[in-house]
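Okay, thanks everyone, I'll keep this short. Have a look at the screen and I'll walk you through it.

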Amino acid sequence: MPKYKVNVFYVISLICTLILIVYTWFIFLPQFEGTLEYQAVRTLILFIILLLLISAGIQLFLLRPKPRKFDEE
């Protein structure tokens with residue numbers, strides 16, 4: 001029996017969140033480079049990435065194992 005249980009759904013969610021952050025910064029944002037809307041889109045993308053990083057932090061917190069009681073095996 002494994003001593004450390006990980007919820008697979010949290011791991012998948014964390015990976016998808018990190019992929020979304022990389023996609024928005026390296027693929028979506030450069031499409032607007034050289035246009036008048038670039039600064040507005042960049043500001044919006046930075047705000048979205050900030051929210052996604054907060055979400056990833058919460059997901060990492062949820063991945064931590066719950067403390068076990070002493071009388072549980």
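Predicted model: local features only at pLDDT ≥ 70, side-chain atom pairs only at ≥ 80, totals over all residues.

We've got 2 helices and 0 strands here. The protein has 73 residues, and 16% of them count as buried. The accessible surface is about 6500 Å², with 70% of that belonging to carbon and sulfur atoms. If you take contacts between residues at least 6 apart in sequence, 67% of them join residues at least 24 apart.

Now, the inside. Which residues make up the largest nonpolar core? There are 6 of them: Ile21, Leu29, Val41, Ile45, Ile49 and Leu52. Helix α2, residues 38–63, gives the most to this core, with 4 residues. Let's zoom in on Leu29. Leaving aside residues up to four places away in sequence, Leu29 touches Thr24, Tyr38, Val41, Arg42 and Ile45. Val41 and Ile45 belong to that core too.

Okay, now the outside. In soluble globular proteins, nonpolar side chains tend to be buried together. Here, though, there's a nonpolar patch on the surface, made of Leu44, Phe47, Ile48, Leu50, Leu51, Ile54, Ile58, Phe61 and Leu62. Together they have about 850 Å² of accessible area.

Take Leu51 as one of these. Leu51 sits in helix α2.

Key. Residues numbered from 1 in each chain as written. Heavy atoms only, no water. Buried < 20%, exposed > 50% of the residue type's maximum accessible area, 1.4 Å probe, protein only. Contact = heavy atoms within 4.5 Å. Areas by Shrake-Rupley, 256 points an atom, 1.4 Å probe, with all protein chains shown as cover. Core = buried A, V, L, I, M, F, W, Y, C linked by side-chain atoms within 4.5 Å. Patch = residues over 30% accessible without salt bridge, like charges linked within 9 Å, V, L, I, M, F, W, Y side chains within 5 Å. Salt bridge = Lys/Arg side-chain N within 4 Å of Asp/Glu carboxyl O.
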